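Q: I would like to learn how to read a structure of this kind, one feature at a time. Please give me the general idea first and then the case at hand.

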Amino acid sequence: MEAALDDALAPERPERLREAMRYSLLAGGKRLRPILCLASCELAGAARSLAMPTAVALEMVHTMSLIHDDLPAMDNDDLRRGRPTNHKVFGDANAILAGDALLCRAFEMVAERSPGVPAERRVQVVAALARAAGAPGLVGGQVVDLESEGKLVGLETLEYIHLHKTGALLEISVTSGAMIAGAPGELVEALRRYARGIGLAFQIIDDILDVTADSATLGKTAGKDLIADKTTYPSLLGLDESRRRADALTTEATQSIEAWGEAAQPLMALASYITARDR
Ligand code: GRG
């Protein structure tokens, strides 16, 4: 995965822009979204190499969202993936532009740099990725999240934020691998149910870690939700009930794909990782 990400940003001008794009894209991170994509492509019976450009694209969209999320106009953070945030190093304007360029490159990866994937599948993934990133997905979730800061919101709004801001990209991460492989609709829908479960569980665990882990382990500022006065699962339900919810969602998620037996094992293991993770 690291080699594919490195290759996707080969030398080009302007050099400073490329440097800013590479700074955040190659800063580590769990690479969960691309790995989910590759695992679902394999589950659907195709070689993982077929989905590699889409996997790279997903990590690019995710990374751009982190760069923009960290900006002073949004979450205003100075630590990400264990390093100073992009705008702290390159300035606000370059950070915005590096994010923009990563987003554009992501669509290029799927549309133009996916040899061997039939054109109609590429179009299907481009459309689904655009929806997941845009107003019906990340952008919409981020808007409601920003609007909700400093307010006590209910579980329904919190779930809306999480399903859009975090869940939408995790969902397309899982379903895109199957789309690339030309999976039947029944499998794509089972994977969508799996993805919705792990997506929400992922964000509940994120909220829990924000309270229980330290900045060095997380590679980002711990305790940020409290500082930003955000409603979270632990603030609404407490830590124990939040963990119980994450576990229940993970169990439901894995049940959606258990009919695929041995082939579903990597996705089962990834679901367990999401609830057991410490960063
Ligand atoms: C996509 C057009 C477009 C705009 C983005 C800024 C924004 C709009 C949305 C914010 C999305 C966001 C930052 C959601 C948080 C998701 C989340 C829990 C991130 C942490 O993911 P990890 O733990 O991070 O997988 P690593 O560093 O391991 O990859």
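A: Let us begin with a term: contact means heavy atoms within 4.5 Å. A second term concerns helices (H or I, at least four residues) and strands (E, at least two), which are DSSP runs numbered from the N terminus. This is a predicted model, in which local features need pLDDT of at least 70 and side-chain atom pairs count only at pLDDT 80 or more, while totals for chains, interfaces and linings use all residues. Residues are numbered from 1 along each chain as its sequence is written, and side-chain values use heavy atoms, with hydrogens and water left out.

Q: Which residues of α4 and α9 meet each other?

A: From α4 come Thr54, Leu58, Val61, His62 and Asp69, and they meet Lys165, Leu169, Ile172, Ser173, Ser176 and Ile180 of α9. By class, this contact divides into five nonpolar, four polar and two charged residues, where Ala, Val, Leu, Ile, Met, Phe, Trp, Tyr, Cys and Pro count as nonpolar, Asp, Glu, Lys and Arg as charged, and the others, Gly among them, as polar.

Q: How is the arrangement of two such helices described, and what are the values for α4 and α9?

A: Two packed helices are described by the angle between their axes and the distance between the axes. The axes are lines fitted to C-alpha atoms, for helices over the stretch in contact, and the angles run from 0 to 180 degrees between N-to-C directions. For α4 (residues 52-69) and α9 (residues 155-181), the axes come within 10 Å and cross at roughly 170°, and α4 is therefore roughly antiparallel to α9 (angles under 35 degrees count as roughly parallel, over 145 as roughly antiparallel, 65 to 115 as roughly perpendicular and the rest as oblique).

Q: At what angle do α6 and α7 pack?

A: Helix α6 (residues 92-112) packs on helix α7 (residues 119-133) at about 160°, with the axes 8 Å apart, so these two helices are also roughly antiparallel to each other. Their contact is made by Phe107, Val110 and Ala111 on the α6 side, and by Arg122, Val125, Val126, Leu129 and Ala130 on the α7 side. It has seven nonpolar residues, one charged and no polar.

Q: How can the length of a helix be checked, taking α10 as the case?

A: The expected span of a helix is 1.5 Å times one less than its number of residues. Helix α10 (residues 185-212) has 28 residues and should therefore span 40 Å, which agrees with the 40 Å between its end C-alpha atoms.

Q: How many residues of α10 are buried?

A: Buried means under 20% relative accessible area, exposed over 50%, and partly exposed in between (1.4 Å probe, protein chains only). In α10, 21 of the 28 residues are buried, and the helix is mostly covered.

Q: What should I look for in the backbone?

A: Most residues other than glycine have a negative phi, and most peptide bonds are trans. Here, Arg81 has a positive phi near 50° and is found in the loop between β1 (79-80) and β2 (83-84); its relative accessible area is 16%, so Arg81 is buried. Asp229, too, has a positive phi, of about 60°, and is found in the loop between α12 (224-227) and α13 (233-237), but Asp229 counts as partly exposed because its relative accessibility is 46%.

Q: Where is a peptide bond cis?

A: The bond from Arg13 to Pro14 is cis, with omega near -5°, and Pro14 lies in the loop between α1 (2-8) and α2 (15-25).
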